[in-house]
Amino acid sequence: MAEQVNTLCDQLIKAVNVMMDMNSSQRYRLEALKFCEEFKEKCAICIPCGLKLTDQSQPPIVRHFGLQVLEHCVKFRWNTMQQRDKVYLKNNIMGFVSKGTKNILEEESHIKDVVARIMVEMIKREWPQHWPEMLRELETLSLQGETQSEIVLLILLRLAEDVVTFQTLPTQRRRDIQQSLTYNMEKIFAFLQNTLQQSVNKYRRLKGDATQEAKAKGHCRVGIVALNTLAGYMDWVAMSHITADNCKLLEMLCLLLNEPELQLEAAECLLIAVSRKGKVDDRKPLTVLFGDVAMHYILTAAQSADEGGLIERNYVFLKRLCQLLCALGTQLCSLLGADSDIETPSNFGKYLEAFLVLTTHSSQVGFPSKSDSPCCEYSRMDFDSDEDFNAFFNAFRAQQGEVIRMACKLLPMTAFEMAAELLRSQLRLSIEVGSTNSKAGEGLCSIFSPSFVQWDAMTFFAESVISQMFRTMDKDKIPVNAGIELLKSVLEYDTRDPLILSCLLTNVSALFPFVSYEPDYLPRVLSKLFSAVTFEIVDESKAPRTRAVKNVRRHACSSLIKLCRDYSHLVLPCFDMMYSHVKEMLSNELLLTQMEKCALMEALVLVSNQFKNYEQQQSFLKELMIPVSSLWLSDEMESALWDPVQFLSFIGADKAPADPTLEDGYGLNRSRISFCVYTILGVMKRARWPNDLEEAKAGGFVVGYTPNGSPIYRNPCTEQVLKLLDNLLALIRTHNNLFLPEMMAKLDGAYAKSLEMLEVEKNSILGLPQPLLELYDAPVYKTVLERMQGFFCTLYDNCFHILGNAGHSLQRDFYATDGLSEKLINSAFVNLENIPDYRLRPILRVFVKPLVLSCPPEYYEEVLCPILGPLFSFLKERQIQKWQVINQRSQLCVEEEGPEENPESQEMLEEQLIRLLTREIMDLISVCCIPKKGIEHHKAHTDVDDEEMMATDSAHTPASNAAHSGGPSHPDELSELGKCLMKNEEICTTLLVICYSALSWRDTLTCQRTTSVLCWPLIKQVVNSNLTSDAVTWFYTSVLQGLQMHGQHEGCMAALVQLAFHVYEAFRPRYPELKTVMEQVPEIHKDSLEQFDSKLATPSHQKMADKRKKDHFKRLITGCIGKPLGEQFRKEVHIKNLPSVFKFNPKPVADYEDVLTGENGSNLTNFFGESVTEAD
């Protein structure tokens, strides 16, 4: 046998070397791997070979492989091994730890790790029942040296991780081992503390002696591992172990904070302890860390680490200390809030000072790509790119704003005085551009200029404080005079720097509430905002505006809208002045962009809502819309909107551009179309009736009441909007028809991709970060293709926003339009088969969904059903076909690379678009069929936030991808519209097929939402109808296929099992074919199935019986529940249960040793009772 072992070991060594040699060919490496795996699976002499390979004379990779062989034997052969073989293997592993390892600094960490794994695998199978002396043996082993101590600590850590943290054992074995650990925890903690203390004492004694450096490092290594092992226990053991002996362990950890080599691990242990939750009385001892001594050690350690320079370990340690202080504060707040005798510590001020010092630390406020600040070095440790830093910084800034607002809530007057002083100081200072000049012009700030950074910070602080002050302070205590003086100073401040001006506008908005006390300042505020709307840099009109300038103008428009929305009653006296000024600005067609014109008109409409007189407001809106109506209804415009060929010619998309760098001659036509669409949308969104019912009635806005008593309102803009509707629908139909192949062919070559997605949309869908701020102040040059793409994209979205808002704004007047459903079908839903997914999504999200939500019930049959029936039928066929392609693609191992550029990225984009569209479809079905508590989310979807005008104009910003995820208020019921749809057999079938097909589409989110919200309520409606057996079989099979596809995800699995149970329970009595389906489930026990079917025949009324029935059903279908890819081909590990050591009763176990050796334990074979002996 020895010769066979030697021969086989030589072959294994060669195979391992081939696998690990970087110069080996793929073929030889695979052959070597196959040989090694077959050896582990089939060879009868694995243990002798493995032990021989672990000899110290072998290279580390060979020793590691030998130990892996032994680990494999324990994990997969233990249950079939003879007792003597188990003892032999156990003794040899213990012998290896004792005498087969090298010095602690020489032995490879992966060798020590795999030895610990082997020991833990044996412990999981035999302790405590068959190996009661395990802990004592490990303690004895640890006394033999530093290497042995480290391995024992690793064993204890790995055991805690497997049993408690990751729970990788069967329930009974895990319970036995965890209870045994808990029972012995006092001994374990004593061992860990003693090991830590002894190793630290030896390390401190030797570290100053240069001749003992190696020994000192060895003891330090043991101390580090001891701390790591303690960390593995501290988050779950009883608090009494952590706080035993007057918190001796916590005291020891505090002392170690000033030991550079051990401080990080000690801080992590303390952080775990202080972050513990539980009973108040158990956590009271943690307040010892607020004592002067403990706090001194914490703060001294922080100071030393900060003074130690820019070293990553020091930086990480500082962050841990900061987390520790935060956790301490959380514990203190929790204890003070509870009914306890804890008082605020006497040194609490010192604690807060420490926090204040940490907030001034030079980290996380500099871009990692730059070197203009010491902060940048810290950012390079934390972030891989400027995009990562920017994402963090935005969240960090928001947190700071919340802190400022909370502080202001406590001391609003003090906070306001600070903000006022900062603002006054900034107004006095001259502009400092710094070394990073703006590309827009000499002497202008960039986003990195010192002045802009200071202005931005001051503005953020002032805005946070002032807004909170008005919410917190009593009205008569508001510092009106000081606020008015500040506003006056801000209004008088003049700057031509766009970045500084943007900050100034924010301050104007923040201070505007003071105008309600001094209305005389309103004209000056309006004048300031209007001047900013037309802001230009000198000579900039000859070149495209920079993004900074665009944002100033948008900011001003947004501020006007916000002012007119929130303070319309205050602005009303100045309405005539505003109207005259806006008309003057609109008369110059080139002065403003179309969006800016629309924004000014929206502001006027908002103020006009204060007329509170239907006739007066209607008359004003009619006058305001005259330019739009005359343009939109003109013969030239009408001929372009109604015919796709003339439309392309009108906007210049069928002709080659004259000069790619200049605006083409058809830009004016495009801008006029955009202006009309923007205005229709803006007026319809903003024109409203009074909120107060009495005012609405008095003003003539109420025209009747619904049967349930709700008022029926009329919108003053209805007449103006409805007369423009036909041309709008024509434009939508024309736009849809542009996707016809013959129309695509008419596009000029320069515009061939103009109907494709914008790059910013693609990046958003793929989750790619947007470009950062480097080009913020550069002129925005766009190619003719980019301009045309932006025109098509924005126009398409806005047209559907108009239709989506029409129901909400115009209410019954819109739904009562003659032939509305036919008009919509012949426009919005024309040529859908050629519409790409990225254009179909906004149709569903911003049009169809709001149309459904706002529709009065009496128009369900007339308007919604004729639209939704064909739409759902089309979507069903489209999505089933597309998901078949995706499923087939994912099953192919090798795919030929197509000729297109970057096919993988395009494929990912297409798949993600299909997922997003599918979610929109399922969300639409939910809105149609499932009752909601309200339609508040409709407002969230359809109302565009005014502050969006201030968004950085980096590119077109796509609409939110978020789908409505609200659950039904009654999961088993349908809404009135849902019942109406399900009465139609064709629509009913379509909805059921969509929902049950979606269960096996490769989108977990879709599956989970559909299963939880839609599938059962829909199919419940047809339980008592005459479904064919094929249909019922298909529905049930679809659920099982969903389990196979998504069962690896816990949330999906639970919902799908529940659905499968309901479907089987509901249909099995009438459809015996379902039993045939069940018999095809892998690993199903037919006797158990028969037993379950018999239970269904006699329904139980007891809750527990139903629970057992569901558990029984889950066991039946376990074979078709999908597993994660990583587990599908993993060899299953079987750990046998042993006779339970602990009885589950309220009485404590009398004597642990008696349980193991007394009468009840007489049948337990003490496999590992022998002493540790060296292997033969």
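This is a predicted model: local features need pLDDT of at least 70, side-chain atom pairs count only at pLDDT 80 or more; totals for chains, interfaces and linings use all residues.

Trainee: How many cavities of 30 Å³ or more does a search of the whole structure find?

Mentor: The search finds six of them.

Trainee: Which residues line the second largest cavity?

Mentor: The lining consists of Ile680, Met684, Val721, Leu724, Leu725, Leu728, Ile802, Leu803 and Ala806. Sorted by class, these are nine nonpolar residues, with no polar and no charged ones.

Trainee: Which helices each supply at least two residues of that lining?

Mentor: They are helix 34 (667–686), helix 37 (725–737) and helix 40 (784–810). Helix 40 provides the largest share, three residues.

Trainee: What does leucine 230 touch, apart from residues up to four places away in sequence?

Mentor: With those set aside, leucine 230 touches Phe189, Leu192, Leu196, Leu249 and Cys269. As for C-alpha distances, those of leucine 230 and glutamate 268 lie 9.9 Å apart, although 38 residues separate the two along the chain.

Trainee: Which residues have the most contacts inside the largest nonpolar core?

Mentor: Trp632, Tyr996 and Tyr1036 do, in a core of 228 residues. There is also a second, separate core of 124 residues, which includes Val200, Cys220, Val225 and Met234.

Trainee: What is tyrosine 996 in contact with, leaving aside neighbours within four places in sequence?

Mentor: Tyrosine 996 contacts Cys1015, Trp1016, Ile1019, Trp1034, Phe1035, Ser1038, Val1039, Leu1059 and Val1063.

Trainee: How should I read the helix that holds this tyrosine?

Mentor: An α-helix has 3.6 residues a turn, so residues three or four places apart point the same way. In helix 48, Tyr996 is among the buried residues. This helix runs over residues 985–998, and its 14 residues reach 20 Å from the first C-alpha to the last, close to the 20 Å expected at 1.5 Å a residue.

Trainee: How many of the residues of helix 48 are buried?

Mentor: The count is 11 of 14, and the helix is thus mostly covered. Among the buried ones are Ile987, Cys988, Thr990 and Ser997.

Key. Residues are numbered from 1 along each chain as its sequence is written. Side-chain values use heavy atoms; hydrogens and water are left out. On a 1 Å grid over the protein atoms alone, a cavity is a set of points where a 1.4 Å probe fits but cannot get out, and a pocket is an open set with protein on both sides within 12 Å along at least five of seven lines; lining residues have an atom within 4 Å of a point. Grid points are joined across faces, edges and corners, and a volume is the space filled by probe spheres set on the points. Helices (H or I, at least four residues) and strands (E, at least two) are DSSP runs, numbered from the N terminus. Ala, Val, Leu, Ile, Met, Phe, Trp, Tyr, Cys and Pro count as nonpolar, Asp, Glu, Lys and Arg as charged, and the others, Gly among them, as polar. Contact means heavy atoms within 4.5 Å. A nonpolar core is a set of buried Ala, Val, Leu, Ile, Met, Phe, Trp, Tyr and Cys residues joined through side-chain atoms within 4.5 Å. Buried means under 20% relative accessible area, exposed over 50%, partly exposed in between (1.4 Å probe, protein chains only). The expected span of a helix is 1.5 Å times one less than its number of residues.
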